[in-house]
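The following paragraphs lead through a structural model, from single residues to the contact between its chains. Please keep the sequence and the coordinates at hand while reading.

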Amino acid sequence: MSEKIKYFLERISWVDIMVWLFGLAILVIAVIGVIGSIHNAYYTKEQWMDFVVFGISQGGVYALIALGYTLVYGILFMINFAHGDIFMAGAFTGYFLAAKLNQYGIYNSHPIISLLLIMLLAMVTSVVVALITERVAYRPLRKAPRLVPLITAIGASFTIEYTFRGLYGSGVEAYPDMKIFVGKTSVLGLRILKVHLLVIILSILLMAALYAYVQYTKAGKAMRAVAEDKDVASLMGVDVDRVIVNTFILGAALAGIAGVLYALIFKQVHFFMGFIPGIKAFTAAVVGGIGNVPGAMLGGFILGIFEALGPGLILEGLGIPASYQLKDVIAFTLLVLVLIFRPTGLMGERLSEEKV
Amino acid sequence: MDSQNTFWKSAVKNGLLAGAIGLYSTLVGLVQAFNKRAVIEQLSLGHITLLLSWGVVAYVFLNHHREAESKGKLIAAGALVGGLGAFLVALLPMTAQWVDYHFVFVHAGPEMYSLLTFGKGPWVGSAMLVAVGALWGVLIALVVSLPTFWRNSVVKAFLITITVGLLSDLFSGMTIGWMFQPFLGVEGLNILGAVLVFGLSIAYDYWSAHRKPKESAEAVATEPTGITKAQLRRMVVGALALVVVAGLPLLLGSYLSHVLNMVGLYTIMGLGLNIVVGYAGLLDLGYVAFFALGAYMMGLLTSTGPLGIAHWTFWEAVPFSILVAMVAGILLGVPVLRMRGDYLAIVTLGFGEIIRILALSNWLKPLIGGAQGILLIPKPPLFGFKIQTPIHFYYLILVGIGLAAFVAYRLRESRLGRAWMAMREDEDVAEAMGIDLVVTKLTAFAFGASFSGLAGAIFASYVGSIFPHSFNLLISINVLSLIIVGGVGSMPGVFVGSLALVGLPELLREFAEYRMLIYGLSLIAMMLLKPEGFWPEPIRKRELREEVGD
């Protein structure tokens, strides 16, 4: 045991100490904030529950997007920077179907069918956009130095955003309300918004399905094999190109559905909507341990809850007014803290530095 | 027989591709927006966009089959690709009477349809469009079947003519604009001007192709004697360039000087980010943070408004702007010391966003003005004279660029610069060679940030008031894009890049809506076709080529 400690102490440099101190300082500030908030009791217990439920439902959306990042990263070791915009493509396109269905009254007379149709359209759009991006921007650069595909991905992100701005216009569109999902319902004695319940249930179902796919089907096995070692997988008869395309399809389909769910919670869609959720979802993937499927799910929920609680729980306790404006700061700070204290993420087993 | 089939099949495929690209540029609104700018007489940039979207596909396809197929077949295939491409686009106006495209696509409407059909109604007009596409395909097939020298020369001349036509406003805006009048139409070039530019370009190609062998013999001959001709020429060119740079704003007038000033500010930032990304290999996506800090520092220290705290002059505040940015660079550098590559990119992006969100927040509003920003930032005084107009600022910015370029150059040649580059190549090996990674990384961040702080300080004084909205992520992306387009790590590349990415879009203001789209596309195209940039650093070029070629 003492050997281990000695080894550990030898490995620490003053950089680690500096970085840790930086992280500790943030943690201390956060704790002071929490104590301040609890002491002052700004919100009732019910309001806190609302925050948590909201956090879980937006966390579900983050998790679905984060899965796309994690799947692609697990196989190609690249950040698909354009993934947030693939999510936007689905949500934005789905809006037009929703508006048309609403116009003919089908939206409210057959809500489940409408929702399925909208999700299908969003999925197909996202998948098509992802496939074009992969074919044009990523595939030719698979062997290039790491910086190159990352820059292409940034380029792809802007291209997709402004393509959709050109196609659909720069206005903010609002999904119509679906009457059966308006209002609250009670679950286990808790009053929660029906939309939140729907999003939570759907996102958990989808994640379970994805996990089963990756873990128990042959295609999922091939995917894990390629993630482990491309060359060996291809020697074992796995068509690596095919698996990569499959991965993009899977990630994009989830992002498309996540887009519709996001639009159900937040109503509004526009061409730039993918940017922030995209970064948040990436953060979620890193928090959970990038490349790790259950990690992305866990990271999504953690980030969602953190972001919902953070402004009220930490920032207001520090006496910061209008703290909701700073919720993005919380997400980024969480990312930095995780990278400082546990760079492999909560569930990541492999050393991140090995891959990066 | 089989190869025949595949040839035609692939022609049809390419025709569909041409059509898809044409449809894309039409629906995105490029064609319509570009239609506002005439290039040669009535031919607008919109027409050219359509023609190019079919033409590039046809050219690449036909060029691929040039050796194997007969001329007649190439022409037929060209007509097929062009015609099919045009037909797909023509489907839009033809079916518009039954389908309401406008519900989804904002640009689809009568204006677009009449543009596509030359105002002749859906059927006649569409037929005309297809005919134009087919003719264009034939023309391209003819160009493809020319001998190599002429083919390249014609393509180049065509592109140059379009560029000159596009920028012809620039000529008429100059103080010596009258000299170009005979060649300009109401907007864009006239036929005479277009033919002249086209002819000149081909003539120049012809001349330079037939001159080359003689010149190289000459250079070899004079080499042993003292100053070579090439050296002498370089000196003369350098002196001329100096005179031109110094006199430029007087020649260009106020508006173009403003454009140059923006180019200049981005050049300073580019030189700074070049240290971080180009020399040290640390991908920083939050570079705008330091620009904002420099600008806010300048604003707070000099503003004569209610938020001003010191009422200093520009010159007193500049060192503090630079210093604050530098310190921030070190502070933000510490937590990311252990991160590499992608993680670093995302975390720095987060920092950039945090700075903007904080500047915008109500929390800091009493200090830095929130969304209302800081107003009444005075112009820099200079010996009783005030630097006020864009032309005055041009010289201030020029001095800034000179300073930044000098520092960047000296740093690159120094021990520290070599340490940065060693770290860029391989961190572990660099550490094993005795390079202190912590110091090396933090100095890279600090120097990079200080340049951005300088640019921010000048910017604040130049525009007179600053708002959080001016400091969004797009600036970071712009700066990154411009050093990539110019060539990562290359100093002249920074200038070329900012001229291309900042100067051009400023001149083509009416397409501002499509600026970011074109940025995105050019980033992708650059990485696919020319990852080393337009003006690469020699070492970098070799590396990238090798690795890509693997």
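Phe77(A) counts as partly exposed, because 16 C-beta neighbours lie inside 10 Å; a residue is buried if 20 or more other C-beta atoms lie within 10 Å of its own, exposed if 12 or fewer, and partly exposed in between, with C-beta atoms placed from the backbone. The model is predicted, and local features need pLDDT of at least 70, side-chain atom pairs count only at pLDDT 80 or more, and totals for chains, interfaces and linings use all residues. Residues are numbered from 1 along each chain as its sequence is written, while chains are lettered from A and ligands numbered from 1 in the order in which they are written.

Phe77(A) belongs to the loop between helix 3 (45-76) and helix 4 (83-103) of chain A; helices (H or I, at least four residues) and strands (E, at least two) are DSSP runs, numbered from the N terminus. Although Phe77(A) is not a glycine, its phi is positive, at about 55 degrees. Lys267(A), also not a glycine, has a positive phi of about 70 degrees. Lys267(A) sits in the loop between helix 11 (240-266) and strand 4 (268-269) of chain A and is partly exposed, with 14 C-beta neighbours inside 10 Å.

A further positive phi, near 50 degrees, is that of Leu188(A), in the hairpin of strand 2 and strand 3 of chain A, which has two residues between the strands. Strand 2 (residues 184-187) and strand 3 (residues 190-193) of chain A pair in the antiparallel sense over four bridges, where pairing requires that DSSP finds at least two bridges between two strands. Leu193(A) in strand 3 is the bridge partner of Lys184(A).

The loop in question runs between helix 12 (275-288) and helix 13 (293-315) of chain A. The C-alpha atom of Asn292(A) is 8.6 Å from that of Leu67(A), although the two are 225 residues apart along the chain.

In chain B, helix 17 (residues 415-425) has the buried residues Leu416(B), Ala419(B), Trp420(B), Met423(B) and Arg424(B). Seen down the helix axis, these fall within an arc of 140 degrees, so they line one face of helix 17; the arc is that of the directions from the helix axis to the C-beta atoms. The face turned away from that buried side carries the exposed residues Arg415(B) and Glu425(B).

The contact between the chains takes 46 residues from chain B and 46 residues from chain A, two residues being in contact if their C-beta atoms, placed from the backbone, lie within 7 Å. Helix 14 of chain B supplies the largest share of the side of chain B that touches chain A, eleven residues.
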